[in-house]
Amino acid sequence: MATGLSAIFMANRPALLRFLRARGAGDDAEDLLQDMWMKLEAKDLGPVSDPLPYLYRMANNLMLDRYRSSTRRERREQDWAEGAGGVMADPSDDMAVDDRMILQQRLEEARAVLRDLGPRVELIFRRFRIEGVGQKLIADELGVSLTTVEKDLQKAYRAMLTLKQKMDTE
Amino acid sequence: MNEEALTWVIRTRDPRFDDWDAFTLWLEGDPARAGTYDALMAADADMDAILPPEPVVMPVAANDAGAPRRSMLRWAGGGAIAAALVAVVSVSMMNRTDMYSVTTRPGEIRTIALDDGTRIEMNGDTSLRLDRNNPRFAALDAGEAAFTVRHDSANPFRVTVGDAIFEDAGTVFNIVHAGRDTRIGVSEGKVVYNPDAEAIALPAGRGLADDAEGLRVMDVAPASVASWRSGRLVYANAPVAQMAQDMSRSLGIVVRATPQASAMHFTGTILLDRNPDNFFSGAAPLMGLTATRQSDGAWLLKEGDGPKS
């Protein structure tokens, strides 16, 4: 591990621990921090431009992974209990024709939802969510305030998440 | 949906996010927040499955087969636009406006030089209102005009088109206003559409259309903007209905298109010719259309390669 990153990790260990606890890691926080340390050592990262945000981001991603695997396990257990059972197929594997049609239809719906939000909201959401451009940069590009970008993103997120929820319950 | 958690999802998703202390404090405010945040982040990731894969730059929307629609944004912005107009009017009243109209006949081109160094080139069949006491203002009531604006950020040049406002930021741009439709193309600098409402910035190479299909932003070739000034009409996937309007303005003749022909699209460059017979004998086959002269003197564009009159 780059000595810079290592020093920053050590110096901010208490803050990272506090963050992991706040993120819901509970008693596992210490272990997770240890995992992070091991990963950093194994990776031998080059110089990182913003080391502290990088470490927080890593901790946050660890927690997200944990959440994802726990919900996946729950879903699997539930499937077993309901008798649907068996190994869950990878969704990206050979898709049946009907599934493809459903997917196309859903993309159409999503497209319509985005379009109805108006061109600026759609543009900002696509820049941010699909292309991964930061909000400050988007604001500069469009010549609008950061608050405007934030509000537009919330609007788009609400609409898209609501749509996704609706689709999942169909 | 938990609004606070959503705010944090959007913030922490930003590649430049660095306020992890504030995020920690928010999480510590209530132990349930971490779970809410996790669930929303997972929902965000699941959204990938339904995200349309189009590139961000919206394509020329003329080929958008969707049902005609008016953008909600437009109506949402209506109040702000009205307010902005009131502001403009009241300021002008104080300065005592001295409005005058300039119009061109079909086929006539006219250049106007304003006191501030701005140049307005008017295409045929166009009417414009200007203010002798405010050289930074123009109202395009109908037709087409190209604006080469001397930029002054303290006192931006504004063009009103119907209830829309275009504000320059150092610019060459072209506006077409026909019926209820408005199209703008920017070839240099930047124009801001409705700066007090939608505030959509249009840099060089971008255009905006507001017509029966709604309000859209698109790419335009900077060289094609106001190409009529050099005797050419340049199009990228333009509906024939729009081209018929352009021809009418530039040639000083009436050009109509059948509904089928109106819905067709064309990409390419057409050379203008003052002689309609010469013009259509070259242009119509290029567009995959036929042009016939009607008894009333108008020209009709029809689909297909039928016999020419």
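How many helices and strands make up the secondary structure of chain B?

1. The secondary structure of chain B comes to eight helices and 18 strands, where helices (H or I, at least four residues) and strands (E, at least two) are DSSP runs, numbered from the N terminus. This is a predicted model, in which local features need pLDDT of at least 70 and side-chain atom pairs count only at pLDDT 80 or more, while totals for chains, interfaces and linings use all residues. Residues are numbered from 1 along each chain as its sequence is written, with chains lettered from A and ligands numbered from 1 in the order in which they are written.

2. Of the 309 residues of chain B, 36% count as buried; a residue is buried if 20 or more other C-beta atoms, placed from the backbone, lie within 10 Å of its own, exposed if 12 or fewer, and partly exposed in between. Among contacts in chain B between residues at least 6 apart in sequence, 47% join residues at least 24 apart, a contact being two residues whose C-beta atoms, placed from the backbone, lie within 7 Å.

3. The largest nonpolar core has 73 residues, of which B:Phe166 and B:Ile175 touch the most other members; such a core is a set of buried Ala, Val, Leu, Ile, Met, Phe, Trp, Tyr and Cys residues joined through C-beta atoms within 7 Å. Because domain 1 (2-94) and domain 2 (99-222) of chain B both give residues to this core, it lies between them, the domain bounds coming from an automatic or database domain assignment. Leaving aside residues up to four places away in sequence, B:Phe166 touches B:Val159, B:Val161, B:Ile175, B:Ile184, B:Val191 and B:Tyr193. Another core, of 21 residues, lies apart from it and includes B:Tyr235, B:Ala238, B:Val255 and B:Ala283.

4. The contact between the chains takes 42 residues from chain A and 36 residues from chain B. On the side of chain A that touches chain B, the largest share, nine residues, comes from H8(A). By class, that side of chain A has 18 nonpolar, nine polar and 15 charged residues, where Ala, Val, Leu, Ile, Met, Phe, Trp, Tyr, Cys and Pro count as nonpolar, Asp, Glu, Lys and Arg as charged, and the others, Gly among them, as polar.

5. Helix H1 (residues 3-13) of chain B should be read together with that contact. In H1(B), B:Ala5, B:Leu6, B:Trp8, B:Val9 and B:Ile10 are buried, and the buried residues of this helix pack against H8 of chain A together with helix H2 (20-28) and helix H3 (32-46) of chain B.

6. Three strands of chain B form an open sheet in the order S15-S18-S17, with mixed pairing; two strands pair if DSSP finds at least two bridges between them. The edge strands, each pairing on one side only, are S15 (255-257) and S17 (289-293) of chain B. Five bridges join S17(B) to S18 (residues 299-303) of chain B, and these two strands run antiparallel, with B:Ala291 standing opposite B:Leu301 in S18(B). Helix H6 (residues 240-251) of chain B packs on the sheet, touching S15, S17 and S18 of chain B, and its direction makes about 170 degrees with that of S15(B); axes are lines fitted to C-alpha atoms, for helices over the stretch in contact, and angles run from 0 to 180 degrees between N-to-C directions.

7. B:Asp125 lies in the loop between strand S3 (119-122) and strand S4 (127-131) of chain B. Its phi is near 55 degrees, a positive value in a residue other than glycine, and B:Asp125 counts as buried because it has 21 C-beta neighbours inside 10 Å.
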